Amino acid sequence: QVHLVESGGGLVQAGESLRLSCAASGSIFAINAMGWYRQAPGKQRELVAAITSGSRTNYADSLKGRFTISRDNAKNTVYLQMNNLKPEDTAVYYCFADVTTTGRTSTNYWGQGTQVTVSS
């Protein structure tokens with residue numbers, strides 16, 4: 001079994017920054033892609049950013065320049081630095097990881113979600 005634990009969400013004012021973290025643990029052989037999705041009230045879940053084990057990144061076009069994804073492979077942890085936050089960034093942010101387990105199966109795992117609220 002694999003578990004993802006997120007941290008770093010909270011309430012901030014517009015223009016401020018937050019850094020989200022997501023640590024994976026459990027029966028991990030390798031982690032391929034890791035990243036973040038978000039879901040705002042009444043909206044579909046959308047990709048925020050993803051990063052491969054080789055540090056190749058992919059961002060939602062609307063977030064390029066404000067959000068930065070990174071990972072520490074030794075710690076099985078992915079980070080999301082969010083700068084110049086806007087009220088429309090308010091959402092629950094979910095971490096995901098494409099994991100190859102020690103049993104050599106590949107599965108996407110999800111965190112429980114962390115709330116980010118940006119006030120105007």
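View 1. At 1% relative accessibility, Asp89 counts as buried (buried: under 20% relative accessible area; exposed: over 50%; partly exposed: in between; 1.4 Å probe, protein chains only). The model is predicted: local features need pLDDT of at least 70 and side-chain atom pairs count only at pLDDT 80 or more, while totals for chains, interfaces and linings use all residues. Residues are numbered from 1 along each chain as its sequence is written, and side-chain values use heavy atoms, with hydrogens and water left out. The side chain of Asp89 meets that of Arg66 in a salt bridge, 2.8 Å from N to O (salt bridge: a side-chain nitrogen of Lys or Arg within 4 Å of a carboxyl oxygen of Asp or Glu). Asp89 lies in the loop between strand 8 and strand 9, and Arg66 in the loop between strand 6 (57-59) and strand 7 (67-72), so the pair ties together parts that are 23 residues apart in sequence. Strands (E, at least two residues) and helices (H or I, at least four) are DSSP runs, numbered from the N terminus. Arg66 also counts as buried, at 11% relative accessibility.

**View 2. Arg38 and its partners.** Arg38 forms a salt bridge with Asp89, with the closest N and O atoms 3.0 Å apart. This pair links distant parts of the chain: Arg38 is in strand 4 (residues 28-39) and Asp89 in the loop between strand 8 (77-82) and strand 9 (91-101), 51 residues apart. Arg38 forms a salt bridge with Glu46 as well, the closest N and O atoms being 2.7 Å apart. Which of these two residues is buried, Arg38 or Glu46? Arg38 is, at 8% relative accessibility, whereas Glu46 is partly exposed at 36%.

**View 3. The salt-bridge network.** A search of the whole structure finds 4 salt bridges. Asp89 and Arg66 meet in one of them. Through shared partners, salt bridges join Arg38, Glu46, Arg66 and Asp89 into one network. Side chains of opposite charge can pair when their charged atoms come close.

**View 4. The open sheet with order 1-3-8-7.** Its 4 strands show antiparallel pairing (two strands pair if DSSP finds at least two bridges between them). Strand 1 (2-7) and strand 7 are the edge strands, each pairing on one side only. On average, neighbouring strands of this sheet are turned by 15° against each other, direction ignored (axes are lines fitted to C-alpha atoms, for helices over the stretch in contact; angles run from 0 to 180 degrees between N-to-C directions).

**View 5. Strand 1 beside strand 3.** Strand 1 and strand 3 (residues 18-26) run antiparallel and are joined by 6 bridges. The bridge partner of His3 in strand 3 is Ser25.
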